[in-house]
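Subject: Structure handover

Hello,

Here is the structure I promised to pass on. Please open it first, then read my notes below.

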Amino acid sequence: MLKNFLPGSVRDIFLETWGIFDFSMRFFREVFKPPYNINEVIKQFFQIGNKSLGLVGITGFIIGFVLALQAIPTLQPFGATSLIPSMVGLGIVLEIGPVITGLICAGKIGSSIGAELGSMKVTEQIDAMEVSACNPFNFLVISRVISTTLMIPLLIIYADVIALLGGYLALNVVSDVSIGLYFSQVFDALSIGDIIGPTIKTFFFGFTIGIVGCYKGYNADKGTESVGVAANSSVVISSLMVIIWDMIAVQITNIIL
Amino acid sequence: MDRTETVIDIEHLKKSFGRNIILKDINLKINRGETIVTLGKSGTGKSVTLKCIVGLIKPDSGSVKVLGKNIPELSYEGLQYMRKKIGFVFQSGALYDSMSVRENLQFPLIRNTDLNKEDIDKKVEEVLKDVGLSQAIDKMPSELSGGMKKRIGVARTIIMNPEIMLWDEPTTGLDPETTRDISHLIVRMQRKYKVTSIVVTHDMICAKIVANRIVVLKDGTYTESGTYDELERSDDEFVRSFFEEVKEDENSSLSNYTGSDAAKKSIKK
């Protein structure tokens with residue numbers, strides 16, 4: 001029916017959205033079914049978490065440092081440099097930390113999952129698991145999605161902490177503030193709701209990055225070109241989804257709090 | 001072993017991809033212990049037929065009965081159960097490239113059986129010995145040659161003791177000597193594990209060595225069936241073309257081959 005009424009590109013968007021939704025539903029149907037791949041989940045924790053620490057840390061540091069550095073010349077003429085820790089804290093914890101780190105993870109982790117599964121599809125490794133009754137969805141998809149859902153929030157918290165340290169270093173360029181005072185001002189400005197809301201949305205970021213990467217890789221066409229397409233579209237879709245989740249989360253948080 | 005028992009029974013199988021009709025009307029019965037070779041040009045649907053048998057591709061119509069069960073009608077769980085009885089050897093070997101040879105072989109056993117670690121290790125060593133690659137146990141797939149990958153692929157399949165083996169172009173891209181090795185390996189596996197096999201190939205050296213019966217796929221249907229010698233004498237030009245090609249290939253590979261006379265004789269055999 002869609003074929004008759006909608007132009008090709010709009011139809012493709014609907015079909016893609018439906019495909020991702022259906023793939024996510026399959027995840028929820030199978031996630032509690034045995035066998036449980038504890039070793040694979042741990043391996044993916046390492047791949048996703050440990051191997052992203054450097055990139056996420058450097059990015060977080062620069063974000064915090066630059067944010068504080070940009071704020072100093074604006075606030076200094078008004079004698080309001082003491083507000084910088086609060087501003088940096090709110091900006092990073094509520095918005096910039098989760099979104100930028102989410103986008104970095106969409107780029108690094110989403111593309112890596114898309115390319116890995118795409119390559120496995122092209123070289124018939126997924127079919128080989130399927131025909132040997134090993135349920136590749138259970139082994140490949142569930143372990144990766146669990147890992148991204150749990151590990152990306154941790155990476156975001158880690159990035160937030162590094163970003164706050166970056167902000168502290170930038171502030172020390174113009175004023176002599178102790179680290180204790182800096183962090184006390186940061187946490188004074190943050191309520192529990194300010195921390196819980198953004199933390200919850202990071203689980204959605206993690207789930208989305210994992211499920212989109214797996215969906216694109218798992219459903220890659222035959223041919224080496226498809227691996228690149230799977231990696232690329234994983235990044236594009238999951239980045240877009242991170243922004244959309246962020247917008248929804250902000251609306252919901254504003255209504256609730 | 002009851003050699004009169006039909007283990008694969010395909011009737012009126014049809015499959016198309018978009019407007020491209022690949023299989024028009026496939027009918028095939030295979031008895032237990034038989035080794036059937038499917039011959040045909042590229043793109044005629046030989047691999048599609050195998051994938052229909054193992055449930056990787058759903059046919060448009062027709063029935064594919066394996067050990068009495070109609071594969072297209074099975075639930076996912078039913079299909080998984082049947083797949084434990086069917087081994088599928090992929091053209092490339094399809095080894096899991098993030099796992100070592102040992103892990104590749106352990107994987108289906110860990111997932112599908114209750115064997116303990118000791119028994120699994122024993123089986124792994126046994127099948128590696130069968131395919132002559134005991135020394136490769138701790139290697140990664142990237143360290144193996146094409147022929148070795150195919151042998152490990154075979155080992156990974158037979159480790160589950162399947163009743164039926166499906167071989168998708170097992171000798172494609174290999175030199176004549178390795179082709180001969182892999183073909184003899186198929187025969188050895190056939191004799192040792194008493195499996196029923198379908199071998200898809202357009203390699204006549206392989207067909208000659210392994211086939212009990214050859215079926216020829218043309219225009220989406222099986223047009224000829226018989227032993228190697230029967231088909232070699234066929235009146236059908238299409239069928240004869242395979243045998244002519246192999247003669248040309250053999251002559252050409254021998255004239256380009258720089259090895260010893262003994263090796264040339266071995267290839268010619």
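Aromatic pairs come first. There are 18 of them over all chains, counting rings of Phe, Tyr and Trp (its six-membered ring) whose centres lie within 6.5 Å; planes under 30 degrees apart are stacked, over 60 edge-to-face, and the rest tilted. Take F139(A) and F107(B): their ring centres are 4.7 Å apart and their planes stand at 70°, so this pair is edge-to-face. It crosses between chains, from helix α7 (residues 136–174) of chain A to helix α3 (residues 101–112) of chain B. Helices (H or I, at least four residues) and strands (E, at least two) are DSSP runs, numbered from the N terminus.

Before going on, some ground rules. This is a predicted model, in which local features need pLDDT of at least 70 and side-chain atom pairs count only at pLDDT 80 or more, while totals for chains, interfaces and linings use all residues. Residues are numbered from 1 along each chain as its sequence is written, chains are lettered from A and ligands numbered from 1 in the order written, and side-chain values use heavy atoms, leaving out hydrogens and water.

Buried means under 20% relative accessible area, exposed over 50%, and partly exposed in between (1.4 Å probe, protein chains only).

Other rings are worth a look. F23(A), F137(A), Y215(A) and Y218(A) make up one aromatic cluster.

Now the pockets. A pocket is an open set of points on a 1 Å grid over the protein atoms alone, with protein on both sides within 12 Å along at least five of seven lines; a cavity is a set where a 1.4 Å probe fits but cannot get out; lining residues have an atom within 4 Å of a point. Points are joined across faces, edges and corners, and a volume is the space filled by probe spheres set on them.

The largest pocket holds about 1000 Å³. It is lined by 36 residues, and R26(A), E130(A), Y218(A), Y76(B) and R83(B) are the closest to its centre. α2(B) gives the most to this lining, with six residues. The lining divides into 15 nonpolar, eight polar and 13 charged residues (nonpolar: Ala, Val, Leu, Ile, Met, Phe, Trp, Tyr, Cys and Pro; charged: Asp, Glu, Lys and Arg; polar: the others, Gly among them).

The second largest pocket has a volume of about 670 Å³. Of its 30 lining residues, the closest to the centre are N39(A), E40(A), K43(A), F139(A) and M99(B). Its lining has twelve nonpolar, ten polar and eight charged residues.

There is one cavity of 30 Å³ or more. The largest cavity has a volume of about 160 Å³. Among its 18 lining residues, S132(A), G87(B), F88(B), R156(B) and T157(B) lie nearest its centre.

Last, a helix. In α9(A), 20 of the 27 residues are buried, so the helix is largely enclosed by the rest of the structure.

Best wishes
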